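Hi,

Here is the structure I promised to pass on. Have a look at it first, and then read my notes below.

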Amino acid sequence: MRFEAEEEEKENPALSRRAGVPRVGLPQLFQAFLLVGLSGFGGVLPFIRRMLVEERKWLTASEFTEVLALSQLLPGPNVINITVHVGARMAGIPGAVIAFLGLMIMPIAVVIGLSMLYARYGDLQPVEDAFRGIASAAAGLIVAMAAKIAWPVLRSARTIVLAAMVFVAMAFLGLPLVWIILLALPVAILWTWVAQNE
Amino acid sequence: MNSSSSALFDFTIHLLLLSLLAIGGINPILPELHRFVVSEHSLLSNEQFVTLFALAQAAPGPNVIFVTLIGWQVYGLVGALVSTAAICGPATVIAYIATGLSERWQSRRWFIILRRSLVPLTTGLMIASAWLLCIAANSSLASYAVTGIVGVLVLATRINPLWLLATAGFAGIIGLV
């Protein structure tokens, strides 16, 4: 493990050059992300921030904001990106792997347990009724999230037309996402480029 | 078994691709998952899809475990692990590489344009997700009302979403939804 971490630093010099990054042991890293994974009901992000910035002080508040901004630009779940990024900063590739496993292992176990319970009792009328209600509420969570995302974005003809195009292609035409991105991204880039040069 | 393992292979390849397109996490790609899993390959029924989504929302941890659940439901433990690895894999490799890059590339012009181009696309996808779930999860006026009330409460208050899910579950049991 140690050897691998050193190898990786050679390949990735920016990691070791960063000043003031605490070196954290793999067991500590695993334990910290394990607890985050278990506590993250209804969104893991606030818990991961509290753990990294307030409790363990592995990142300062501004470092966290920077990491969050970066993870939002990258593909993939934000929380996973932050976890991998922090794990890698603390202890190289093994750190990234351990932090990821720590974050995911309990949620996976819990969710599989819940789904086994559902498979066993899902046919019971009260369970079925409860899940009908929960599903409608879960849709409400996503509606709220969409509104929060859309409100500050949809302020220009450019953003409104591009978002509407993607919405129609996905929701009404049912096109595969890959096609939608391949068709819409060049248009979006061109339009953004022109808008910037005006 | 053979057809099932080749279907798992197709699903995995698709998830590897989606991992790179899932900008802003799993929520914007929900309609694509629904299209692939329900409409195109009939791996799950619409009701199963919605129920698994509700389960994933009610469980702790990152919401990418919805994909874990789909894998579990269709292909068992192997499916759960493989699909989790596939949806996280490419994105985590990129996240790792980005750790090593200097922050200067974030202020490069091409990068700013790319980022500003992606924002409206992700927004359109997110609205499509909300639209899809409204249709897929709701059948009665009362169920649409639950979606609407929960949406407003989340936007207007700091209430823990888990309470809203639990209350809606209770409303279902006593026959309100």
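This is a predicted model: local features need pLDDT of at least 70, side-chain atom pairs count only at pLDDT 80 or more; totals for chains, interfaces and linings use all residues.

Let me begin with chain A. Its secondary structure comes to 9 helices and 0 strands, so reading from the N terminus gives α-α-α-α-α-α-α-α-α. Of its 198 residues, 41% are buried. If you take the contacts in chain A with a separation of 6 or more, 53% are between residues 24 or more positions apart.

Chain B has 7 helices and 0 strands, and its pattern along the sequence is α-α-α-α-α-α-α. The C-alpha trace of chain B spans about 55 × 50 × 25 Å along its principal axes. Here buried residues make up 53% of the 177 residues. For contacts in chain B with a separation of 6 or more, 56% come from residues 24 or more positions apart.

**Where the chains meet**

The crossing is left-handed.

If you want to find this pair on screen, the residues of H7(A) that meet H5(B) include Ala135(A), Ala138(A), Ile142(A), Met145(A), Ile149(A) and Val153(A). Among their counterparts in H5(B) are Val119(B), Pro120(B), Met126(B), Ile127(B), Leu133(B) and Cys134(B). The contact of H7(A) with H5(B) has 18 nonpolar, 3 polar and no charged residues.

**The core**

The largest nonpolar core has 114 residues. Which of them touch the most other members? They are Ile134(A), Ala138(A), Val166(A) and Phe66(B). Helix H6 of chain A, residues 78–121, gives the most to this core, with 19 residues.

Two of those names tie in with the chain contact. Ala138(A) is one of the H7(A) residues that meet H5(B). Ile134(A) touches Ala54(B), Ala58(B), Leu165(B), Ala168(B), Gly169(B) and Gly172(B), leaving aside residues up to four places away in sequence.

**A helix pair within chain A**

H6(A) also turns up in a pairing with H5(A). The axes of H5(A) and H6(A) come within 9 Å and cross at roughly 125°. Roughly perpendicular runs from 65 to 115 degrees and roughly antiparallel starts over 145, and these two helices, H5(A) and H6(A), are therefore oblique to each other. Their crossing is right-handed.

From H5(A), the residues involved are Val67(A), Leu68(A), Ser71(A) and Gln72(A). They meet Asn78(A), Asn81(A), Ile82(A), His85(A) and Val86(A) in H6(A). By class, this contact of H5(A) with H6(A) has 4 nonpolar, 5 polar and no charged residues.

**Two residues with positive phi**

Finally, a pair of backbone details. Lys57(A) is not a glycine, yet its phi is positive, near 55°. You will find Lys57(A) in the loop between H4 (45–55) and H5 of chain A. Is Lys57(A) buried or exposed? With 10 other C-beta atoms within 10 Å, Lys57(A) is exposed, because the cut-off for exposed is 12 or fewer.

Ser42(B) is the counterpart in chain B: it has a positive phi of about 50° although it is not a glycine. Ser42(B) sits in the loop between H2 (30–40) and H3 (46–58) of chain B. Ser42(B) is exposed too, with 8 other C-beta atoms within 10 Å.

Cheers

Conventions
Residues are numbered from 1 along each chain as its sequence is written. Chains are lettered from A and ligands numbered from 1 in the order in which they are written. A nonpolar core is a set of buried Ala, Val, Leu, Ile, Met, Phe, Trp, Tyr and Cys residues joined through C-beta atoms within 7 Å. A residue is buried if 20 or more other C-beta atoms lie within 10 Å of its own, exposed if 12 or fewer, and partly exposed in between; C-beta atoms are placed from the backbone. Helices (H or I, at least four residues) and strands (E, at least two) are DSSP runs, numbered from the N terminus. Two residues are in contact if their C-beta atoms, placed from the backbone, lie within 7 Å. Axes are lines fitted to C-alpha atoms, for helices over the stretch in contact, and angles run from 0 to 180 degrees between N-to-C directions. Angles under 35 degrees count as roughly parallel, over 145 as roughly antiparallel, 65 to 115 as roughly perpendicular and the rest as oblique. A crossing is left-handed if the near helix is turned anticlockwise from the far one by less than a right angle, and right-handed if clockwise. Ala, Val, Leu, Ile, Met, Phe, Trp, Tyr, Cys and Pro count as nonpolar, Asp, Glu, Lys and Arg as charged, and the others, Gly among them, as polar.
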